Amino acid sequence: MGCFFLSLVLQILAKKVYTLYSLAVQQLSRQDHYDFGLRALTSLLRYAGKKRRLQPDLSDEEVLLLSVRDMNVAKLTSVDVPLFSAIVQDLFPSIELPVIDYGKTIEQEIRDLGLQASPFTITKVIQLYETKNSRHSTMIVGCTGSGKTASWRVLQASLSSLCRAGDPNFNIVREFPLNPKALSLGELYGEYDLNTNEWTDGVLSRFGEKAPVSLSSTLYQDEKPDEKWILFDGPVDTLWIESMNSVMDDNKVLTLINGERIAMPEQVSLLFEVENLAVASPATVSRCGMVYTDYADLGWKPYVQSWLEKRPKLEHKA
């Protein structure tokens, strides 16, 4: 009898999730970074299982609703947030989610960086953290001046500070930035010399080699618990991003044209900082967690306030 009721509950929840994503496709605006397909459903189920193991006291509906919120709200535009919230409220009525207290670490790190601890900035840092917990590849999407760089820098500083304070749930975070548009495909992934037929490693493939390179000599082989973020700071185009699909998949394997396969360890993750995904394929979009930063929500006042705080004389501020 217990198995029957459990099966019935799971069927009801599965129907709600399917309805939620179907309505999202129909009612939300069309955005290049939106994905509510089968891969998104699979990732949602996997993340819900992770949430269940971490928070066994919550009900099934609360776990599912937490997972839906963590994986979808971050990528929505300001216009679509109330629509999505209304759909969720209709499908999951009278369910109040527990408020997770992230403490004052984020606010302190924002101030230490000389920035303003606005609600928008704090929210985006938390959303980036939750999105990175659900996917090992994350894209921060937004126009220039919307706070993309500030979001990941604050998160990196916060996680590292918590680790140094002795919290065993967090690790030191190191970033390895590169601009993929500043490199050719051969320089990025490696290539054969047509004259000698010799293979030359690219930047990404040499992450795992012992020979010294500019970014890191043993990134893939480093067994320390420190988190490593490979940051791709540059426009996305089909020339280089499609070759990343196998890395962004769940198997996290970089496949090179010489047949070599480089597996990424658990502590290595990918972070993309892009303005838009106009030329990215649906296969690429579906493999990444998305955090959308809207300049309209941030505004110009935080920039002016930060600039004023750096003025040495009071009369200049006035």
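Hi everyone. One definition before we start: when I sort lining residues by class, Ala, Val, Leu, Ile, Met, Phe, Trp, Tyr, Cys and Pro count as nonpolar, Asp, Glu, Lys and Arg as charged, and the others, Gly among them, as polar. Please also keep in mind that what you see here is a predicted model.

Let me begin with the second largest pocket, which holds about 430 Å³ of space. Its lining is made of 20 residues, and the closest to the pocket centre are Arg69, Asp70, Val73, Leu97 and Glu130. Which elements give two or more residues to this lining? They are helix H3 (60-72), helix H4 (80-91) and H6, with H4 providing the largest share, 5 residues.

Now over to the largest pocket. Its volume comes to about 1500 Å³, and 47 residues line it. If you want to find the centre on your screen, look for Lys50, Tyr129, Lys132, Asn133 and Ser134, the lining residues that lie nearest to it. Both helices and strands contribute two or more residues here: the helices are H2 (38-54), H5 (105-112), H6 (119-134) and H7 (148-164), and the strands are E5 (227-233) and E8 (268-274). And which element gives the largest share? That would be H2, with 9 residues. By class, this lining has 16 nonpolar, 14 polar and 17 charged residues.

Notes:
Residues numbered from 1 in each chain as written. Predicted model: local features only at pLDDT ≥ 70, side-chain atom pairs only at ≥ 80, totals over all residues. Heavy atoms only, no water. 1 Å grid on protein atoms, 1.4 Å probe; cavity = no way out; pocket = protein on both sides within 12 Å on 5 of 7 lines; lining within 4 Å. Points joined across faces, edges and corners; volume = space filled by probe spheres on them. Helix = DSSP H or I, 4+ residues; strand = E, 2+ residues; numbered from the N terminus.
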